[in-house]
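Dear colleague,

Please find below the structure that I am handing over to you. I would be grateful if you kept it open while reading the notes that come after it.

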Amino acid sequence: MAGYGIPEEYLDGYADILAAASVTGRRLTRDELHSRRALGERAAEAGLGLRALVGAHLAATRAHWPTARSVSPDSVLAVAEQAVDALAEGYERAQRLAVRREEAARREFIDDLLHGRSDLGLLAERAERFGLRLSSAHAVAVARGARGYEDGDAVPREVERALTGRFGDRSVLLTTKEGLLVCIAPGDQDEVLAFFAKHAYAATDGGRVVIGRPQQGPGGVVQSYEEALNALDLADRLELTEPVLRAADLLVYPVLTRDRQAMADLVVHTLGPLRQARGGAQPLIDTLTAFFDAGCVAAEAARRLSLSVRALTYRLERIHQLTGVNPADPVHRYTLQTAVIGARLLDWPDQPF
């Protein structure tokens with residue numbers, strides 16, 4: 001064993017190189033440089049530290065320093081410098097290759113995890129390598145900004161630094177997928193996803209974040225991820241203004257659209273007559289949307305639409321005349337509001353059916 005805990009094999013031939021250089025004053029040959037780089041690569045693959053490796057070579061340089069007075073110290077030091085530089089080059093090359101392999105393995109795992117394309121048992125085994133125990137429940141949050149993000153971009157790095165600084169190693173996986181920021185956390189650590197949502201919203205300059213529900217088992221991650229994606233799509237179609245949403249709070253909407261044909265029938269039957277209005281149905285649907293979002297308070301709805309209360313009241317009366325349904329009547333309100341939600345979900349009347 002050489003100095004610094006480095007096995008002798010990683011200094012193989014170094015003493016001979018020093019001796020030869022001290023006699024002739026020459027520099028390292030191409031083969032000698034290649035052998036030093038190869039040793040550096042092997043050392044990195046074996047998990048040896050670069051500092052210890054360099055320290056062992058410096059110690060060997062002192063131990064094998066030529067004693068002949070005619071030898072120039074500069075020649076010996078130049079050879080030592082060449083040898084250590086080649087050693088470090090090979091070491092760093094092996095490390096870069098290992099990082100690329102690790103990144104490729106991580107990306108492949110994430111793709112399989114979020115799309116459920118791998119055997120669940122095998123997936124659970126691979127997950128432990130990345131700090132996840134898929135036997136327990138996990139929840140997924142997704143964040144979308146004005147542009148798409150990739151691993152290594154400034155925004156993902158910023159959010160990851162914040163998460164690591166706050167929670168350390170808590171079996172949390174932060175990644176990007178199809179331009180979105182994705183955070184996977186244990187289902188019983190809601191504070192992690194809430195923290196992610198806060199910082200992702202800030203880092204994406206006011207993007208939107210949706211948190212999926214915790215789901216159990218190896219397939220739970222993909223279920224929570226897909227639920228978050230669906231909720232993100234719903235929020236867009238419903239034009240919801242909240243920057244951070246929870247899929248659990250939007251469960252009523254998938255229920256309403258589960259029978260698409262029944263919902264389409266309700267929309268056409270209830271709101272179809274609005275197409276007879278001057279300007280078409282859309283302005284009156286927008287009026288109903290604002291009215292219901294304002295808790296059926298006419299003054300607040302008028303403010304949101306930049307209308308007078310009198311103009312709003314006229315529109316509501318017109319809706320009553322055309323549909324036979326009174327928006328102000330609690331008995332009729334549920335049917336009308338459900339139809340308005342259905343129209344927004346089905347993109348009616350822009351998409352006729």
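Predicted model: local features only at pLDDT ≥ 70, side-chain atom pairs only at ≥ 80, totals over all residues.

Residues are numbered from 1 along each chain as its sequence is written, and side-chain values use heavy atoms, with hydrogens and water left out.

Helices (H or I, at least four residues) and strands (E, at least two) are DSSP runs, numbered from the N terminus. A residue is called buried under 20% relative accessible area, exposed over 50%, and partly exposed in between (1.4 Å probe, protein chains only).

I begin with strand S1 (residues 138-144). Six of its seven residues are buried, so S1 is largely enclosed by the rest of the structure. Two strands pair if DSSP finds at least two bridges between them. S1 pairs with strand S3 (residues 180-186) in the antiparallel sense, over six bridges; alanine 139 has alanine 185 of S3 as its bridge partner. S1 also pairs with strand S4 (residues 208-211), again in the antiparallel sense, over four bridges. Here valine 209 in S4 stands opposite alanine 143.

Next comes helix H14 (residues 330-345). The buried residues of H14 include Leu336, Val340, Ile341 and Leu345. Its buried residues pack against helices H8 (220-237), H9 (252-257), H10 (260-271) and H11 (282-293), where contact means heavy atoms within 4.5 Å. After H14 comes aspartate 347, whose phi is positive, near 60°.

Finally, I turn to the aromatic rings. Rings of Phe, Tyr and Trp (its six-membered ring) pair if their centres lie within 6.5 Å; planes under 30 degrees apart count as stacked, over 60 as edge-to-face and the rest as tilted. The count by this rule is two aromatic pairs. The rings of phenylalanine 167 and phenylalanine 195 have centres 5.3 Å apart and planes at 90°, so this pair is edge-to-face. Phenylalanine 167 lies in helix H6 (residues 154-167) and phenylalanine 195 in helix H7 (residues 190-203), so the pair ties together parts 28 residues apart in sequence. Both phenylalanine 167 and phenylalanine 195 are buried. For phenylalanine 291 and phenylalanine 292, the ring centres are 5.8 Å apart and the planes at 55°, so the pair is tilted.

Yours sincerely
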